[in-house]
Amino acid sequence: MMVQSQETLLSAANKLKEYRIKNTPQRQVILSYLMTSHAHPSIEMIFKYVRSNGFSVSLATVYNTLQLLIDHNLIIEIAADSGGHMRYDYFETPHYHVICVNCNKIVDVFDASYKQNEREAAQETGFQVFNSQYEVYGLCPACQQKLAETEHKNCSYVKFWY
């Protein structure tokens with residue numbers, strides 16, 4: 001597991017300060033990990049990362065830190081994977097997620113146009129909208145390939161889906 005650079009840790013410390021969140025080393029390393037990770041880690045992955053970087057923390061501390069960061073809209077929870085584990089993502093730049101229903105791979109799609117839906121929802125309903133999440137589910141290219149290879153081996157013809 002990679003150790004966060006001083007620049008990333010400083011960026012996380014500044015973000016905590018900006019949001020008036022008490023800066024502890026554990027919060028700093030958790031936030032910096034989420035700021036740089038594209039893995040959309042589960043709480044267990046985050047816990048292992050923090051521990052592997054020399055911090056003595058409990059799973060409860062990691063959970064409480066994640067909840068604090070969610071409450072301040074710094075990170076979001078993403079739908080649970082097939083094991084029932086919530087996944088987490090730093091959410092500074094508007095984006096949505098495409099999630100493979102087979103292997104649970106999550107890919108970021110940076111497209112701010114979906115934020116227009118928030119404005120339209122607010123206009124139509126009168127709600128004060130704080131944020132939104134959009135998730136698209138399907139099969140990733142690797143799983144599509146595996147499925148095609150399996151079908152090809154098991155059949156004397158290839159099925160085409162439209």
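Let's start with cavities: in this predicted model, the count comes to one cavity of 30 Å³ or more.

Asn104 sits in the loop between strand 3, residues 96-100, and strand 4. Is Asn104 buried or exposed? With a relative accessibility of 15%, Asn104 falls under the 20% cut-off, so it counts as buried. Its backbone is worth a look too: phi is near 70°, a positive value in a residue other than glycine. As a reminder, most residues other than glycine have a negative phi.

Asn73 is another case, with a positive phi of about 60° although it is not a glycine. You'll find Asn73 in the loop between helix 4 and strand 1, which runs 75-78.

Now to the packing. The largest nonpolar core has 22 residues, and those with the most contacts inside it are Ile30, Ile46, Leu66 and Ile75. Which elements give two or more residues to this core? They are helix 1 (6-18), helix 2 (25-36), helix 3 (43-52), helix 4 (59-71) and strand 2 (87-90). Helix 2 gives the most, with five residues. Apart from this core lies another, of seven residues, including Ile76, Phe91, Tyr96 and Tyr114.

If you click on Ile75, you can trace its partners. Setting aside neighbours within four places in sequence, Ile75 is in contact with Leu31, Leu34, Leu66, Leu69, Ile70, Tyr88, Asp89, Tyr90 and Phe91.

On to the aromatics. There are two aromatic pairs by count, and I'd like to show you one of them. Tyr33 and Tyr49 are stacked, with 4.0 Å from centre to centre and 10° between the planes. Why does this pair tie together parts that are 16 residues apart in sequence? Because Tyr33 lies in helix 2 while Tyr49 lies in helix 3. Both partners are buried: Tyr33 has a relative accessible area of 9%, and Tyr49 has a relative accessibility of 1%.

Tyr33 also leads us to Pro41. Beyond its neighbours within four places in sequence, Pro41 is in contact with Tyr33, Leu34, Ile46, Met86, Arg87 and Tyr88. Where does Pro41 lie? In the loop between helix 2 and helix 3. Although it is a loop residue, Pro41 counts as buried, at 1% relative accessibility. For a sense of distance, Pro41 and Tyr19 are 22 residues apart along the chain, and their C-alpha atoms are separated by 22 Å.

One last stop, Lys115. This lysine is found in the loop between strand 4 (106-109) and helix 5 (116-125). Is Lys115 buried or exposed? Its relative accessible area is 17%, under the 20% cut-off, so Lys115 is buried. From Lys115 to Ser42 is 73 residues in sequence and 25 Å in space, C-alpha to C-alpha.

That's my tour, and I'm happy to go back to any of these residues on the screen.

Note on methods:
Residues numbered from 1 in each chain as written. Predicted model: local features only at pLDDT ≥ 70, side-chain atom pairs only at ≥ 80, totals over all residues. Heavy atoms only, no water. Core = buried A, V, L, I, M, F, W, Y, C linked by side-chain atoms within 4.5 Å. Buried < 20%, exposed > 50% of the residue type's maximum accessible area, 1.4 Å probe, protein only. Helix = DSSP H or I, 4+ residues; strand = E, 2+ residues; numbered from the N terminus. Contact = heavy atoms within 4.5 Å. Phe/Tyr/Trp six-rings, centres within 6.5 Å; stacked < 30°, edge-to-face > 60°. 1 Å grid on protein atoms, 1.4 Å probe; cavity = no way out; pocket = protein on both sides within 12 Å on 5 of 7 lines; lining within 4 Å. Points joined across faces, edges and corners; volume = space filled by probe spheres on them.
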